[in-house]
Amino acid sequence: MLKLDNIKIIRGKNNNKVKGTSLYNVLINDSLIAYISLRLTDNEAYFMYKRINKKYYKYNYETSIIRLFCKHLNSKTKNIYCLNKMSSYLAEVGFIKDDKMLKLDIDKLYFINNFKYLLFDVDDTLLSFEKSERKALTLALSKYNIKATNKLINDYHLTNIKYWKMVEKGIISRDECLIKRFDEFLVKNNINVASIDFEDTYRYYLNKQAFLMKDAKLVLKELEKNKQIYAITNGVYKTQKYRVKKAKLDKFFIHSFISDEIKYNKPNKLFMDYVCAYIKDFNKNEALIIGDSLSSDIKLGVNSDVKTCYFNFKRLKNKEEIKPTYVIYSLKELI
């Protein structure tokens, strides 16, 4: 059985009429969602993927499923072919058209092997910022005897995103963002507290929050064996330092590049210029940016001519014009 998060691929009963063909059942949360038919020869594997449960179609599970299955096949054979028509999820895994068939580019399947320098975003890539934000806001509001309802938390979450997008676009500074987001949030919700005081209270509690993303430590531990790992993050210097240290991730990073310290925010090309100048003998062609934000992490790569890996853990549809080099839906797909 092959496993990845809530995905399982299990060898099924062989009811196929075609001799030498095996059948696999694909399950998500123990619900059967697809079949994979496989035919193996000495040096080649041919498979076909068939969806049977429309419930999971919109969640982009296919890329993770096919990548997992192909890594399994690669241990058995050199050449892997898919009998399906070309689709976005097959392209993400690394299939290309080859003589009227789809052949897997093994280098793209193991794309992480092509890079020496791994530049990891922190928030919602290695640490869950959403969980930290919710906890810190709840504690900050309680200090002023205000109950943190879902409505309040969601309203602040959206307000915070709006102002950080302005920072990314260079419309306002990071320091302005920290206060203006509370100017809007507190007035809108009739909370009679000075923005600067609320920011200080919120910051105090945020500094103490560190919730790991699934498999973050496992993946970093494996990658550090033969990669140089760095953190690249927007945010307040002390906050990011405290949270990374509390989560015990600092031991994996050779250095942490924090916008508050270097005075440039992602996706500004000057942020990457600083990274390039800091790391001795750095080669952009051997670097990969890994992050969850198209507008910050992936756009930084586009602006700086550095390859990118979009960690789309929410399985969102990309409505932006920003195109990542690679896409993963689970950190484990890196290893």
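**Figure 1. Residues that line the largest cavity.** The lining of the largest cavity is made up of Ile33, Tyr49, Arg51, Asn53, Tyr56, Tyr57, Tyr61 and Glu62. Sorted by class, the residues of this lining comprise 5 nonpolar, 1 polar and 2 charged.

**Figure 2. The crossing of helices H11 and H12.** Helix H11, which spans residues 269-278, and helix H12, which spans residues 294-304, have axes that come within 8 Å and cross at roughly 75°. Angles of 65 to 115 degrees count as roughly perpendicular, and H11 and H12 are therefore roughly perpendicular to each other.

**Figure 3. Side by side at the H11 and H12 contact.** From H11, the residues Lys269, Phe271 and Met272 meet Leu300, Asn303 and Ser304 of H12. The residues of this contact divide by class into 3 nonpolar, 2 polar and 1 charged.

**Figure 4. Confidence of the prediction.** The average pLDDT of the protein is 91, and 98% of the residues score at least 70. Among the elements of the protein, the lowest mean pLDDT, 87, belongs to strand S7 (residues 95-98), whereas the highest, 98, belongs to strand S9 (residues 117-120). Where pLDDT is low, predicted coordinates should not be read in detail.

Note on methods
Residues are numbered from 1 along each chain as its sequence is written. This is a predicted model: local features need pLDDT of at least 70, side-chain atom pairs count only at pLDDT 80 or more; totals for chains, interfaces and linings use all residues. Side-chain values use heavy atoms; hydrogens and water are left out. Axes are lines fitted to C-alpha atoms, for helices over the stretch in contact, and angles run from 0 to 180 degrees between N-to-C directions. Helices (H or I, at least four residues) and strands (E, at least two) are DSSP runs, numbered from the N terminus. Angles under 35 degrees count as roughly parallel, over 145 as roughly antiparallel, 65 to 115 as roughly perpendicular and the rest as oblique. Contact means heavy atoms within 4.5 Å. Ala, Val, Leu, Ile, Met, Phe, Trp, Tyr, Cys and Pro count as nonpolar, Asp, Glu, Lys and Arg as charged, and the others, Gly among them, as polar. On a 1 Å grid over the protein atoms alone, a cavity is a set of points where a 1.4 Å probe fits but cannot get out, and a pocket is an open set with protein on both sides within 12 Å along at least five of seven lines; lining residues have an atom within 4 Å of a point. pLDDT is the predictor's confidence in each residue, from 0 to 100.
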